[in-house]
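Me: I am new to this protein and would like to go through it piece by piece. Could we look at it together?
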Amino acid sequence: MRREQAAAAMLFASGMRSSAFGSLPIEAVDLEKMEIRQWPSLGVRTKNGKHATTYLLDIPELIDVIREWDSLIREQLPPEAMWYAPFRTDHFGNKTKLSSASAGKNRNQAIAKGLRKLYRAANLPYKSPHKFRHGHAVHALLGARTMAAYKAVSQNLMHGSIKVTDEVYAWLNEDDVRTQISSLAVGQSQSLNPDDELRNYLNSLSKHDLEKAINHAARLLANG
């Protein structure tokens, strides 16, 4: 069950899609930096082949479980092996030891099957792997207090947009995303309140862009 516990913890803390998680190699996980390299060049199967470095929510109870499994597999498997490593089985179908086999076509089913066993052991109703991604998003967004934080959550989920915020606010670099994500779980306050942030952003716009922003805001108010 240790593997399934680690899978549940990683799925929630990372917000990864199941297909990406199931194809995630050990070398794509850096717990010192709390980052996940969702890079197709490393074999990670992301939606539409997107490339991104994403970050774990710093929830100690989950990170402890993740670290324990991470240490175990690094002792037994090479860096290119799967973080959610498959097991080798004997002639009787009993699991014997971890395998360095690459991700097969049925990894999503294997993850779901493992989670079903975990839920049964805990006497809880089953939730699909995608529910962990949904939980990650809800947990993070509840802690977001600024537009930058909302944008960081959006990028961390590898979404292309977050409605109006994505149309108005600029793309954040990786350091900004890391700072925002690391602060969400522990409830750190932002250095600027939303009004100050909005004021600074508007002051940075050219006259032309400011007119566009005002017109856009007017349309939103009219439709609201």
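Me: In what sense does α1 pass α3, left-handed or right-handed?
Reply: In this predicted model, the crossing of α1 past α3 is left-handed.

Me: And what is the angle between those two helices?
Reply: Helix α1, residues 2–14, packs against helix α3, residues 60–76, at an angle of about 125 degrees, and their axes are 8 Å apart. That angle makes α1 oblique to α3.

Me: Which residues meet there?
Reply: From α1 the residues are Arg2, Arg3, Gln5, Ala6, Ala9, Met10, Phe12 and Ala13. In α3 they meet Leu62, Val65, Ile66, Glu68, Trp69 and Leu72. Sorted by class, this contact of α1 with α3 has 10 nonpolar, one polar and three charged residues.

Me: What about α1 and α4, at what angle do they pack?
Reply: Helix α4 covers residues 107–122, and α1 packs with α4 at about 110 degrees, with the axes 9 Å apart. The two helices, α1 and α4, are therefore roughly perpendicular to each other.

Me: Which residues of α1 meet α4?
Reply: Glu4, Gln5, Ala8 and Leu11 in α1 meet Ile111, Gly114, Leu115 and Leu118 in α4. The contact of α1 with α4 divides into five nonpolar residues, two polar and one charged.

Me: What is Asp70 in contact with, leaving aside its neighbours in sequence?
Reply: Once neighbours within four places in sequence are left aside, Asp70 is in contact with Val29, Leu31 and Trp83. Of these, Val29 stands opposite Ile36 in β2.

Me: That brings us to strands. In what order do the three strands of the open sheet lie?
Reply: The order is β1-β2-β3, the sheet is open, and the pairing is antiparallel. The edge strands are β1, at 29–30, and β3, at 52–55, each of which pairs on one side only.

Me: How many bridges hold each pair?
Reply: β1 and β2 pair in the antiparallel sense over two bridges. Strand β2, residues 35–38, is joined to β3 by four bridges, and these strands also run antiparallel. In that pairing, Gln38 stands opposite Ala52 in β3.

Me: What lies between β1 and β2?
Reply: The two strands form a hairpin with four residues between them. In the turn, Met34 has a positive phi of about 60 degrees.

Me: Which way do the residues of β2 point?
Reply: Glu35 and Arg37 point one way from β2, while Ile36 and Gln38 point the other way. All four of them are buried.

Me: Let me step back to the whole protein. How many helices and strands are there?
Reply: The secondary structure comes to 10 helices and five strands.

Me: And what share of the residues is buried?
Reply: Buried residues make up 41% of the 224 residues in the protein.

Me: One last point: what share of the contacts joins residues 24 or more positions apart?
Reply: Among contacts with a separation of 6 or more, residues 24 or more positions apart account for 57%.

Definitions and conventions: Residues numbered from 1 in each chain as written. Predicted model: local features only at pLDDT ≥ 70, side-chain atom pairs only at ≥ 80, totals over all residues. Heavy atoms only, no water. Axes fitted to C-alpha atoms, helices over the stretch in contact; angles between N-to-C directions. Parallel < 35°, antiparallel > 145°, perpendicular 65-115°, else oblique. Left-handed = near helix turned anticlockwise from the far one by under 90°. Contact = heavy atoms within 4.5 Å. Nonpolar A, V, L, I, M, F, W, Y, C, P; charged D, E, K, R; others polar. Pairing = 2+ DSSP bridges. Buried < 20%, exposed > 50% of the residue type's maximum accessible area, 1.4 Å probe, protein only.
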